[in-house]
Amino acid sequence: MNALYLDPSMPKRSPDMVGQLSAPLQAGEVALVGAGPGDPDLLTIAAIKLLADCDAIVHDALVSEAILSLGSINAECIYAGKRGGRPSADQQDISDALIRLAKENKRVVRLKGGDPFVFGRGGEEARALVRAGVKFRVVPGITSGVAGPAMAGIPVTDRTVNSSIAFLTGHELSDESRINWPALVSAFPVLVFYMAARILPDLAERLIVAGLSESMPVAIIHNASLPDETVEVGTLAGAKSGSIKALPPSIVIVGEVVDDRTPWKGS
């Protein structure tokens, strides 16, 4: 028997709690669901069950067709994608759509790539639902900043390299950035950037100016976990000059862990 259950001081999970995430949605309820990095095999059990039994799926641009195909045949699919540099749905309009569908007594799955609460605006949508008095639940997903490197054979933590890691969005690269860049590169040996593909040269220059070596390893993972996934490895100097490039959507990893890559699945 697992020793965990022999410790009387350990709290035990009530049988009533098991399966709550995947319990059928009630009429007028919204589930904020993480779709993971793209491969349907990386969905949670709860996500699969809720997709198969809902009335509406409001999905973003990074949700793959393979995942959408798991939805109920009767579910209405509503695109609510937000893509940098392209016409995108307004966040208020997305929140309003979730509230409207719930008020129509629909069972709604709000499907977001990765995890809803990791650069996914899940918190904004949750607060909007609370203000509107709409019942909701949260089903976390595997975030691409962890899954992407793992699928490419790159450990985001390695005890010989780092005991800390920073996850950032490329949208922070601006004159009004809230980041203290020199302090960032001093404190965190590994940096993982979301939504940084379009500004990779500027990002590399910012990191070099902040104190990182031009020879610091960089990995760019495009379409993580999908059949057309690509992995490009280089240095900050190459990212700055454009000799290595990133296509959206990509995860960018900066740090010595890139050198510990152990490619698999023929990559």
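Confidence first: this is a predicted model, and its chain averages a pLDDT of 90, with 89% of the residues scoring at least 70.

Now look inside. The largest nonpolar core holds 27 residues, and Trp 181, Leu 191, Phe 193, Leu 207, Leu 236 and Val 254 are the ones with the most contacts within it. Several elements give two or more residues to this core, including β6 (166–169), α6 (181–187), β7 (191–194) and β10 (250–254). The top contributor is α7, with 6 residues. There's also a second, separate core of 18 residues, and Leu 43, Ala 46, Cys 54 and Leu 111 are among them.

Leaving aside neighbours within four places in sequence, Val 254 touches residues including Pro 189, Phe 193, Leu 207, Met 216 and Leu 236.

Charged side chains pair up too, with 7 salt bridges counted. Glu 125 takes part in one with Arg 110, where the closest N and O atoms are 3.1 Å apart, and in another with Lys 112, at 3.2 Å from N to O. Lys 112 sits in strand β4 and Glu 125 in helix α4, so this pair ties together parts 13 residues apart in sequence. Glu 125 is buried at 1% relative accessibility, Arg 110 at 2% and Lys 112 at 4%.

Elsewhere, Asp 53 and Arg 107 meet in a salt bridge at 2.9 Å, N to O. Here Asp 53 is partly exposed, at 33%, while Arg 107 is buried, at 18%. Together with Asp 55, these two are linked in a network of salt bridges.

Technical notes
Residues are numbered from 1 along each chain as its sequence is written. This is a predicted model: local features need pLDDT of at least 70, side-chain atom pairs count only at pLDDT 80 or more; totals for chains, interfaces and linings use all residues. Side-chain values use heavy atoms; hydrogens and water are left out. A nonpolar core is a set of buried Ala, Val, Leu, Ile, Met, Phe, Trp, Tyr and Cys residues joined through side-chain atoms within 4.5 Å. Buried means under 20% relative accessible area, exposed over 50%, partly exposed in between (1.4 Å probe, protein chains only). Helices (H or I, at least four residues) and strands (E, at least two) are DSSP runs, numbered from the N terminus. Contact means heavy atoms within 4.5 Å. pLDDT is the predictor's confidence in each residue, from 0 to 100. A salt bridge is a side-chain nitrogen of Lys or Arg within 4 Å of a carboxyl oxygen of Asp or Glu.
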